[in-house]
Amino acid sequence: MIGKIIGLGSYLPDKVVTNDDLSRIVDTSDEWICERTGIRERHISDHKVETTSYMAGVAAQRAVADAGIEADTIDLIVAASTTPDTVFPTIACSVQKAVGASESCGCFDVNSACPGWIAAFLTAQSFIESGRARRALVVGAETLSNYVDWTDRGTCILFGDGAGCAVLEASEGDPVRSIMRSSCVRGDCLYCASMKQPDRLDDEEFIKSTYFQMAGRDVFRFAVTEVPKIITDVLNEAGVSSDDIDWFILHQANARIIEATAKKLKMDLSKFPMSLQGTGNTSSASIPSLMDVMKRDGRLVKGQKIVTASFGAGLTWDAAYFEY
Ligand code: COA
């Protein structure tokens, strides 16, 4: 048995921040941001209401409604996030509450930075393949805006908030093929030292330690080198040609990274859908949210062959091939 995706859902905060809005806070321009990243705007949460758990819960409710299943048939929830609201309980537990899943549902979180949703998806697949679960929710949710230094033009232009969720159901089918890789020795180019603490908001030094630190060029080089390689490797492992793939659904970080990947794979860019123009980089939420958009606008259709790949802090990167 494998886990087929039978439902998708996503959530984006109402508040939209455009590149022009950012140019009033830091020394940047719409032209610079569009040219270097492809991003035009991003959604930023109202932190009092739109917490990571809240957005995860709404995305999951939408995915469960899309799947048309009863919540008490869900026996596993795996949530990916780098920006949980609390150390514990987990986001998965808050999703359990939001969708009304029963106590016989196992809940836990994974943190693998931006590639976290694929890590959670593969974890849920293992539970389904081994017969330990039949229906699983796989969530990615982030409030990256909490960890961005809004005075740093090198990072604040890149990120946005949001959540996405897929419902998996045990079905007959070819196993999902996947590869996961990590390189801690290269990890210094993207890190965040501390989690936000509500009682230390006046402590300037501590607040600085909660900001993302990034060497943008190094991360860019890492992504355009490793993402095409891992995609080629996962296709070889699956014994599938890149020409047979309907969609390459990549982490939505930067249009230039996606374009470079398509070029290296010698594939038409039209097979690489993008939503980052309107969302920015939403980390672990980017892939399930994009799949949800593609399902709703009719691009994602049952039976299509999908490659998904992501990269991010750690450094970590992963890829999976599956039939939708
Ligand atoms: N607006 C205007 N100028 C900016 C700017 C901004 N928002 N950010 C940086 N600059 C300036 C720099 O200060 C630098 O100026 P200088 O030449 O006078 O020193 C110049 O633009 C070039 O900076 P650089 O950082 O080399 O630009 P870049 O072409 O590498 O683009 C990124 C920067 C961040 C867009 C790019 O490196 C990137 O996307 N990297 C990957 C990041 C990523 O995806 N991270 C998440 C991974 S999950």
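Predicted model: local features only at pLDDT ≥ 70, side-chain atom pairs only at ≥ 80, totals over all residues.
A polar contact is a pair of N or O atoms within 3.5 Å. The ligand lies between domain 1 (2-171) and domain 2 (177-323), since both give residues to the shell around it.

**Contacts with the ligand**

- The shell around the ligand holds 22 residues.
- Those that come nearest are Thr-28, Arg-36, Arg-153, Arg-217 and Asn-254.
- Arg-36 places a polar side-chain atom 2.7 Å from an oxygen atom of the ligand.
- For Arg-153, a polar side-chain atom is 2.8 Å from an oxygen atom of the ligand.
- On its own, the ligand has 960 Å² of accessible area, and the protein covers 74% of that area.

**The pocket and its shell**

- The ligand takes up the space of the largest pocket.
- H8 gives the most, with 4 residues.
- Sorted by class, the shell has 9 nonpolar residues, 8 polar ones and 5 charged ones.

**Cis peptide bonds**

- Most peptide bonds are trans.
- The bond that joins Phe-88 and Pro-89 is cis, and its omega is about 0°.
- Pro-89 belongs to the loop between strand S4 (76-80) and helix H4 (91-99).
- Another cis peptide bond runs from Gly-314 to Leu-315, with omega near -10°.
- Leu-315 sits in the loop between S12 and strand S13 (316-323).

**A positive phi**

- Most residues other than glycine have a negative phi.
- Lys-266 is not a glycine, yet its phi is positive, at about 55°.
- Lys-266 lies in the loop between helix H9 (255-264) and helix H10 (276-279).

Note on methods: Residues numbered from 1 in each chain as written. Heavy atoms only, no water. Near = heavy atom within 4 Å. Polar contact = N/O pair within 3.5 Å; in protein donor to acceptor, adjacent residues only side chain to side chain. Areas by Shrake-Rupley, 256 points an atom, 1.4 Å probe, with all protein chains shown as cover. 1 Å grid on protein atoms, 1.4 Å probe; cavity = no way out; pocket = protein on both sides within 12 Å on 5 of 7 lines; lining within 4 Å. Sits in = over half its atoms within 2 Å of the grid points. Helix = DSSP H or I, 4+ residues; strand = E, 2+ residues; numbered from the N terminus. Nonpolar A, V, L, I, M, F, W, Y, C, P; charged D, E, K, R; others polar. Domains from an automatic or database assignment.
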